[in-house]
Amino acid sequence: MLRYLVRRVLYAIPILIGVNVLTFALFFVVNTPDDMARMQLGVKRVTPEAIERWKQERGYDKPLLVNAAATGAARITDTIFWNNSLRLFAFDFGKAESDGRDIGHEIATRMGPSLAIALPVFLVGLAAYVTFALLMALFRATYLDFSGVVLCVAAMSISGMFYIIGGQFLVSKLWNLAPISGFAGGLSAWRFMVLPVAVGLVAGFGESSRWYRTIFLEEINRDYVRTARAKGLSEGRVLVHHVLRNALIPILTGVVVVIPSLFLGSLVMESFFGIPGLGSYTIDAINSQDFAVVRSMVFLGSLLYIVGLILTDISYTIVDPRIRFE
Amino acid sequence: MTFPIKPVLLWTDALVFALVAAILLFVWYMNRHEHLRMPWRKVARSTSGMVSATVLSLFILVGLLDTFHYQKALPPDKQTAEMRYASDVLSALDAIAEPLRMRQERTFSAPFSAYAHAKETMSGADGTPRRDYPRLKFGGAHLESPAAERLPDIARGVLQGVALAAMLWMFATAIITGVVAARADRRFAETSGDLWRGDLDVPWRAVLITLGLLLIVVMPLIVLSGRYHVFGTDKVGQDVFYLTLKSIRTGLVIGTVTTLVMLPFALTLGIMAGYLRGWVDDAIQYLYTTLSSIPGVLLIAAAVLMMQVYMDTHPETFDSVTRRADFRLLFLCVILGVTSWTGLCRLLRGEALKLRELEYVQAAQAFGVGPWRIMARHILPNVVHIVIITIVLGFSGLVLAEAVLSYVGVGVDPAMNSFGTMINAARLEMAREPIVWWSLAAAFVFMFLLVLSANLFADAVRDALDPRVSAQLARPVFRWHRQRGASSRHPA
């Protein structure tokens, strides 16, 4: 097990390097730092001196890959690739291009609010959707099940943004139940969390419930379920003790991988509700064309996704003792 | 010889036409092969599939109309007598909906209203300033006193529309019944009886009811849109009905052209990885694992930002707003394709791994057939169903993704009409006093209908083509707020 994990972690390194090289190519080779400087400073009426100064302040005036002017190790380290791409591996994200703040510090402080919204949505959602899907499976091939599926398909055909706009309009504007947007630290945060969490739950309902239902229905025709029924167990007990437990593997495949990415929050939700998390940070960076932040978030996102994949593997061995890694 | 119009072929137009041609070719090919026709017969027998196909075809009709682009001729230059054309590119839909496009008000107005949405200061008859709702320039402009005449006028329009709808519907019913009767070699009246009892293989009754409902709603809207702004006007006074119609093409293009872009990659790489194995497999797996580990939205954002820098520093490449917007739409399709081909590629690799062990492939190998020929002749035809299911299931996800991307600021060009830009503009209008709800409602209804019918159609196709492809394998390629699809490490 340990050896397998070590190998998995080692296998993740070339993937991260690939992500790193890809983002480097995208951000520095497709468009030169000169292009980016011109973009930031305004395309027209920009002097070459201003571009040089902009590049120098951010360290983009160095060569891309090999610094021929320097000697020794500095030939490699005193370059854009080393300073702005490889340093990401040490979680040294550098400074934002727009306001010069330290990205690493921003990420650390913004993880909390993101998690405060994403984690409840994830946990409550998982429980609620699985329960609903089990109920649909219990009443399978009846009108209850059919209307449940219709509800799911209709719900997943609505863009998530309508849920947010609708939720803000109904709950905050018409009924005055929760603040329309904003966030507060500490214990009073719950007032700001209620609406985003509720909207997140509703928005994810259709697709997830239907997916779980399909998994349960696939399990429900297996032999062991028939055996359980033949023993005289009640349908509810069969569903919870046999079907649910065996359906955990496909469910885990989809669920565990997103857990680390919960830190990143949701782009759209956070910007609509004004939550100072990583999602709104990314949106702000995209709107102000702050490439340093976008670059860091791409790297962080990939890293968390790969961590999620490894966690998925570990979770398999926990739920299914038959799975052994050699 | 001078023409009053000059046809224009934008990039996405060319791809849409290529796609239509490919689909027609595919249909023609399948029609000649009984075993390929079988699953589609099953789709044709499913009620939800046919009903959603009816709704979808209406959307596709609007989208295709909006794809024939042209430029209008200007009066020729006096000195050189050279033909000149207007710089703005129009489409066949624009030509049909010319009144909708041209009748621009000053700002917001509610659906069917003859007055603007907000009060303005006007000078009264005796010269004293007063604040009141000004009359609209076009909406209900034919009425003397809107308060008394508006409702009867609307009712008249609705009646006209319903009458038109009834005529069209009876025409369609007669044609369908006639064709069905002729193909079954039976009498018209008999077939008609069977049709309305629901005794036919294909659920024509449901199709005709759907068509009737659609026509009853659409025709009065079309009739009335000549006199009123049926969905109101937006902030700059544009007719929302027109904006909604124009948005349909954007959604359809994103949903289909993206697939066209990703298909060659996914097909060749997926089959190669599964069939050739070895280092080819390793390299391709590395490629798609790396690409799929980057969160989709972020990769798209990064790529679109880079393209924006390119477009801003090279303005000379794009000579008109339409071309610029079109290029951006194409680029968005390409980058969406790049982020979404990995899912299909993984599926195809797994399937090819399975197929290469089957007897018929081994027989081909024993006969000395080369690997490329085996892949093209024996593997490819046997994975087509997976490809079709993935394409159809992915469509609705892509339409939804467009809205999110436009909100994030990395979607289509702001000059291009799309559901995303509509929602984006409309969300601030909800906070106005008095509330402006019609843009959002129009975007909601049209998008919901499009995505819902696409979802239902996709389900019907999946059930027919392969009931065993589990939902887990064929989930949408792009999703809104979470990513699943971690089955990479457990190849079949």
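User: What should I know before I start?
Analyst: It's a predicted model, where local features need pLDDT of at least 70, side-chain atom pairs count only at pLDDT 80 or more, and totals for chains, interfaces and linings use all residues. Residues are numbered from 1 along each chain as its sequence is written, chains are lettered from A and ligands numbered from 1 in the order written, and side-chain values use heavy atoms, leaving out hydrogens and water.

User: How many helices and strands are in chain B?
Analyst: Chain B has 17 helices and five strands. Those are DSSP runs numbered from the N terminus: helices are H or I with at least four residues, strands E with at least two.

User: What share of chain B is buried?
Analyst: 51% of its 492 residues, buried being under 20% relative accessible area with a 1.4 Å probe, protein chains only.

User: Where do α1(B) and α12(B) meet?
Analyst: B:Trp11, B:Thr12 and B:Leu15 of α1(B) touch B:Asp326, B:Leu329 and B:Leu330 of α12(B); contact means heavy atoms within 4.5 Å.

User: And what's the angle in chain A between α6(A) and α14(A)?
Analyst: About 130 degrees, with the axes 8 Å apart. Axes are lines fitted to C-alpha atoms, for helices over the stretch in contact, and angles run from 0 to 180 degrees between N-to-C directions. So α6(A) and α14(A) are oblique to each other; under 35 degrees is roughly parallel, over 145 roughly antiparallel, 65 to 115 roughly perpendicular, and the rest oblique.

User: Which residues of α14(A) make that contact?
Analyst: A:Leu278, A:Gly279, A:Ser280 and A:Tyr281.

Technical notes:
Buried < 20%, exposed > 50% of the residue type's maximum accessible area, 1.4 Å probe, protein only.
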